[in-house]
Amino acid sequence: MKYKVKSRVALNIRIEGSTGQSPADRLGADGLYFRLMSPRLGTALKWLLVLVAPPASLVAAMTAMEVSILFDPPSIAWASALGIKASPPLVLRPLHLLVALGIALILVLPTALSIALVRRIRLRVCMTWGVSIAALLTAIFEWFAARDSSSHAAQWAVAIGVTLVIAGIMLERLGSPKYRAQTLASILGVLILFAPSVAALAHPTKYPAEPQKVWTVVPQEETWQGMNTGSEYAATRQVVFAGDRLIVVFDAGSAGDDGKWPLSNYQLLSFDIATGVKKNDLTFPGRWGTMPYIYGTDDGHIDVQSSPPRRLNPDLTPALEAVSTLSAKASEKEAVAKTLDKCEFNPRIPVTLQSWQFGCSTIKIVDREGRLLAERPVVDGSGGFAGESRDGSRFALESSSSEGDPSFLLYEHFTIYDGNTGNAIAMIPIKNLPERQSWSAFSPDGKYFAVGNPNDLSLYRLP
């Protein structure tokens with residue numbers, strides 16, 4: 001009986017003690033109870049982390065990819081300063097592969113770590129799987145990059161690297177101790193992916209020497225030259241040799257509007273070939289976006305496809321004979337470029353009997369009857385047509401690469417080829433990069449090559 005009384009008294013004390021707690025104490029007790037009695041909520045929050053990790057990783061990876069573009073131009077400059085005589089594509093290839101690996105790790109590892117937290121899996125296990133998946137994603141990137149550059153060594157490296165990674169995964173599934181085989185296989189597979197680009201960088205292709213520069217001028221100092229460095233065709237029609245002069249044309253700025261269409265001031269400049277001194281200039285208005293292309297004639301004049309068409313002397317004074325409307329229309333038709341397939345050849349027929357064809361990283365020289373005279377590989381594997389001399393002794397290809405949105409050039413260089421053999425005889429790197437493509441033109445006899453833009457126009461004497 002006494003026992004029952006004591007129990008009842010103890011129960012009353014407990015009840016009175018609990019009801020006597022402050023609200024803060026009671027909230028802490030309830031929170032502890034909630035945590036102890038609702039473990040499912042903690043699990044749900046952890047799974048929420050798993051759901052958030054992939055999109056957050058994707059945003060981080062896209063940001064890293066955009067930021068990585070900023071390192072490409074200085075990387076090319078650093079390689080040149082260090083004396084690495086390699087083409088810009090060779091310099092950028094291992095850098096881009098490293099960026100691809102970093103982006104793959106950013107995409108995979110946060111999700112793998114969040115799964116390890118939820119499923120209470122050892123961190124080393126999820127890290128191993130994350131590295132393996134990142135290695136496979138990097139291999140996919142390298143496969144497409146190697147296919148675009150026709151690099152068979154890189155394609156073989158991808159095949160060997162993927163085989164190693166998959167073999168490591170299979171060994172782990174068969175009971176290899178502590179994921180060691182999978183980790184080593186993934187790391188080795190990634191190193192093999194880098195092997196071809198590093199080997200190519202260590203033993204670069206020997207390129208032709210830069211020819212002698214005669215002079216450099218600045219026709220117009222501007223920070224944006226998008227209207228003056230346009231398409232591949234336009235780049236060869238904004239500078240031309242005429243007699244002892246070099247003539248250029250460019251958009252010199254706005255000229256208001258005519259009530260229907262915005263206007264630009266188009267300026268023609270005439271430079272002395274021997275000294276680079278500006279001798280004459282001519283400015284006239286025209287519709288914005290309708291660059292008046294210029295053409296050198298056999299008799300030393302310049303046809304200007306303006307409205308109305310003009311025929312000028314080398315000193316930019318009007319010639320006695322004006323260019324006909326029919327001639328202007330024919331030149332306008334010539335300006336329409338045909339879009340070529342990857343392996344379709346684009347003939348350029350000069351005055352001489354041979355013609356040049358470019359396609360599939362190959363230069364072919366054929367006569368008018370289609371007989372093959374010479375065949376040579378294109379330096380760097382690709383390039384756009386950048387003009388030819390009137391006597392057929394020289395022609396040039398332009399190589400460049402751009403990135404970003406809006407795009408900007410990473411590098412640009414011109415390779416000069418012998419018109420009879422197809423051999424590369426000179427290469428001109430462009431240091432003052434334009435918005436799109438630099439102007440280029442040969443002298444009629446092929447001894448000089450003019451290249452540049454309104455910020456930097458140079459004349460070279462070819463070997």
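In this predicted model, V248 touches (that is, has heavy atoms within 4.5 Å of) Q238, V239, Q267, L268, L269, F271, I294, W439 and L457, leaving aside residues up to four places away in sequence. Numbering starts from 1 along each chain as its sequence is written, and side-chain values use heavy atoms, without hydrogens or water. Local features need pLDDT of at least 70, side-chain atom pairs count only at pLDDT 80 or more, and totals for chains, interfaces and linings use all residues.

V248 also turns up in the largest nonpolar core, a set of 15 residues. A nonpolar core here means buried Ala, Val, Leu, Ile, Met, Phe, Trp, Tyr and Cys residues joined through side-chain atoms within 4.5 Å, with buried meaning under 20% relative accessible area (1.4 Å probe, protein chains only). Along with V248, the residues with the most contacts inside this core are V239, F241, L246, F271 and L457. Among the elements giving two or more residues to it are strand 2 (239-242) and strand 4 (262-272), while strand 3 gives the most, with three; strands are DSSP runs of E, at least two residues long, numbered from the N terminus. A second, separate core has 13 residues, including V240, L268, V304 and L316.

Now for a pair of helices (DSSP runs of H or I, at least four residues). Helix 5 (residues 88-119) packs against helix 8 (residues 180-202) at about 165°, with axes 8 Å apart; axes are lines fitted to C-alpha atoms over the stretch in contact, and angles run from 0 to 180 degrees between N-to-C directions. That makes the two helices roughly antiparallel, the word for angles over 145 degrees.

Note on methods: Parallel < 35°, antiparallel > 145°, perpendicular 65-115°, else oblique. Buried < 20%, exposed > 50% of the residue type's maximum accessible area, 1.4 Å probe, protein only.
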